Amino acid sequence: MAKEYLGQLKDFYRKNKRLPSYSEMGKLFGFASKKSVFDIVHKWIEEGILQKINEKLSPTTKFFSLPYLGVIKAGYPILAEENRQ
């Protein structure tokens with residue numbers, strides 16, 4: 001659930017070059033309650049995606065990192081001529 005909202009937060013940051021306020025996040029996510037926004041933001045702080053500096057939210061390097069989807073195993077390349085059967 002929070003990952004959907006993280007995408008919206010990243011889009012907002014990309015367009016505005018800043019993080020939204022709690023009120024703006026509520027509108028952005030479609031929440032009526034600031035408590036819901038607070039809970040999600042607190043979860044992102046615990047995960048290291050956001051941090052508080054002087055009582056203001058700030059993105060961390062983890063906020064900007066690409067998602068880790070898996071590993072691709074690869075060996076040495078072979079020429080097509082070597083692979084004839």
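Helices (H or I, at least four residues) and strands (E, at least two) are DSSP runs, numbered from the N terminus. The structure shown above is a predicted model, in which local features need pLDDT of at least 70 and side-chain atom pairs count only at pLDDT 80 or more, while totals for chains, interfaces and linings use all residues. Residues are numbered from 1 along each chain as its sequence is written, and side-chain values use heavy atoms, with hydrogens and water left out.

With these terms in hand, the protein chain can be described as having four helices and two strands, which follow one another from the N terminus in the order α-α-α-β-β-α. Of its 85 residues, 25% count as buried, where buried means under 20% relative accessible area, exposed means over 50%, and partly exposed lies in between (1.4 Å probe, protein chains only). A contact means heavy atoms within 4.5 Å, and among the contacts in the protein chain with a separation of 6 or more, residues 24 or more positions apart account for 37%.

We can now look at how the helices pack. Axes are lines fitted to C-alpha atoms, for helices over the stretch in contact, and angles run from 0 to 180 degrees between N-to-C directions. Angles under 35 degrees count as roughly parallel, over 145 as roughly antiparallel, 65 to 115 as roughly perpendicular and the rest as oblique. The axes of helix 1 (residues 2–16) and helix 3 (residues 34–47) come within 11 Å of each other and cross at roughly 90°, which means that helix 1 is roughly perpendicular to helix 3. On the side of helix 1, the residues that meet helix 3 are Ala2, Tyr5, Leu6 and Leu9, and their partners in helix 3 are Ile40, Lys43 and Trp44. To sort such residues, Ala, Val, Leu, Ile, Met, Phe, Trp, Tyr, Cys and Pro count as nonpolar, Asp, Glu, Lys and Arg as charged, and the others, Gly among them, as polar. By this sorting, the contact of helix 1 with helix 3 has six nonpolar residues, no polar ones and one charged.

Helix 3 also packs against helix 2 (22–29), at an angle of about 100° and with the axes 9 Å apart, so helix 2 is roughly perpendicular to helix 3. Here Tyr22, Ser23, Met25, Gly26 and Phe29 of helix 2 make the contact with Lys34, Val37, Phe38, Val41 and Trp44 of helix 3, and these residues divide into seven nonpolar, two polar and one charged.

The aromatic side chains deserve a paragraph of their own. A pair of aromatic rings is described by the distance of the centres and the angle of the planes. Rings of Phe, Tyr and Trp (its six-membered ring) pair if their centres lie within 6.5 Å, and planes under 30 degrees apart count as stacked, over 60 as edge-to-face and the rest as tilted. By this rule, the count comes to seven aromatic pairs. In one of them, the ring centres of Tyr5 and Phe31 are 5.1 Å apart and the planes stand at 70°, so the pair is edge-to-face. Tyr5 belongs to helix 1 and Phe31 to the loop between helix 2 and helix 3, so that this pair links parts of the chain 26 residues apart. Tyr5 counts as buried, because its relative accessibility is 13%, whereas Phe31 is partly exposed at 22%. Another edge-to-face pair joins Tyr13 and Phe63, with centres 5.6 Å apart and planes at 75°; it connects helix 1 with helix 4 (residues 61–64), across 50 residues. Tyr13 is partly exposed at 21%, while Phe63 is buried, with a relative accessible area of 2%. Most residues other than glycine have a negative phi, and most peptide bonds are trans. Lys17, although it is not a glycine, has a positive phi of about 60°; Lys17 is found in the loop between helix 1 and helix 2 and is exposed, with a relative accessible area of 64%. Glu55 has a positive phi as well, near 65°, and is found in the loop between strand 1 (50–53) and strand 2 (56–59), where Glu55 is exposed at 68%.
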